[in-house]
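This report describes a protein chain with a ligand. It takes up the strands, then the domains, then the ligand shell.

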Amino acid sequence: MTTTAPKPFRVGFIGAGGIAMTHMKYLKALPGVELVAAADVSDKNFTKVKADFGIERCYADFRELLAKEDTLDAVSVCTPNGLHAANTIAALEAGRHVIVEKPMATNAAECKAMNAAAAKAGKVLVCGFQWRFDPRTQALRKQAEAGVFGEVKYARVQALRRRGIPNWGVFGRKDLQGGGPMIDIGVHVTEMAHYAMGMPKPVAASGMCSTYLGDQPMTALCQWPNWDHKTYTVEDLAIGFVRFANGAVMVIESSFAAHIEKDVWNFQIMGTKAGATFDPPVVFTDHDGYQWNQTPAYVGKDDIFAVKMKHFVDVCRGERANDSSGEHGLMVQQILDGIYKSAETGREVAIT
Ligand SMILES: NC(=O)c1ccc[n+]([C@@H]2O[C@H](COP(=O)([O-])OP(=O)(O)OC[C@H]3O[C@@H](n4cnc5c(N)ncnc54)[C@H](O)[C@@H]3O)[C@@H](O)[C@H]2O)c1
């Protein structure tokens, strides 16, 4: 029996920081994938990406990468959030498929422009969400699709750190990131809860944001000490309330610095026939005269980053449907956007 080698799939990177190297690691492990070039305004990682991942060419300007690297099939966008839209649109216009890290952008208008660019170019746009590929999320989504929950009425989303203000990168800079914990970590649990619910359309949001610690010098020992409090312009705590077109609602709690016992990374859904938690994955329901807590014996142990990167390559090769599309990314961004806008105005805002 002869096996044919997979067609080469050549990838370039815009941004060569922490998450780009995670993309590189998982992409390099896939058959037929070649890591070709990277662009970053800083050259601090160029030696490492050349040595560890065999990337031959590095550029200081992403436009030069797009102009010179004419064999690329795809580009991975791993820059700070505020650059995602410009980088993604330029790569799509250059005729490349794109995976863009989370959050898709800093606001919904940018996401709409990115989706329009993908449609115009006829290229794939994948949002770099990985938590929807967690076996627990997949198991709950399958329960929702099978009607186990009846109508999902409510989702509670929690991405809470007791003291986890990033002390690297630009995560405290609103101008470069678009926001703090809500857009940086709330986005992860929101995307997986929204996906598990069947992705209803968000129609309105209310929100509250508060900064009380990140813009101050450190007062208590913590795992990531001495963040840059002088440039910290994002929230420490954000709470959102979201309405969907099908009548369901979602509450999102997200914080880099919450006064709680310990960190929480979880979502809960409540429906007319059953509810569930993500961690641990349990379905709460009634049947035959009893209330049951149903725990799956085994849901699998996938490495969600490996699944995310393979999903991207498979979608680009036309081997599977896009399960993390720009349209999904837009809905998640509309949720985040609505919460931030409401927090500024003190009123519920419509999502259009
Ligand atoms: N999916 C996940 O779990 C996950 C985890 C961490 C970060 N991220 C996302 O990845 C993105 C990058 O985060 P990171 O942790 O890798 O940050 P990072 O600071 O380690 O890397 C960002 C890189 O972008 C470079 N950069 C800045 N401006 C640039 C420009 N104009 N052109 C080219 N490069 C430029 C920086 O020099 C830096 O090397 C963010 O959007 C973040 O939300 C996702």
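How many residues join E12 to E13 in a hairpin? The hairpin between E12 and E13 runs through four residues. Helices (H or I, at least four residues) and strands (E, at least two) are DSSP runs, numbered from the N terminus.

The model is predicted: local features need pLDDT of at least 70, side-chain atom pairs count only at pLDDT 80 or more, and totals for chains, interfaces and linings use all residues. Residues are numbered from 1 along each chain as its sequence is written.

Two strands pair if DSSP finds at least two bridges between them. The table lists two such pairs.

| Strands | Sense | Bridges |
|---|---|---|
| E11 (residues 264-271) and E12 (residues 274-277) | antiparallel | three bridges |
| E12 and E13 (residues 282-287) | antiparallel | four bridges |

Met-270 has Gly-275 in E12 as its bridge partner, and Ala-276 has Val-283 in E13. E11 and E12 also form a hairpin, with two residues between them.

The domain assignment, automatic or from a database, gives domain 1 (9-130 + 306-324) and domain 2 (132-302 + 333-350). Their centres, taken over C-alpha atoms, are 26 Å apart. The contact (C-beta atoms, placed from the backbone, within 7 Å) takes 17 residues from domain 1 and 16 residues from domain 2. On the side of domain 1 that touches domain 2, helix H5 (108-121) and helix H9 (304-316) each supply at least two residues; H9 gives the most, with three residues.

Around the ligand are 23 residues (C-beta atom, placed from the backbone, within 6 Å), and Gly-15, Gly-17, Gly-18, Ile-19 and Gly-169 come nearest. Helix H1 (residues 18-28) gives the largest share of this shell, three residues.

Technical notes. Contact = placed C-beta atoms within 7 Å.
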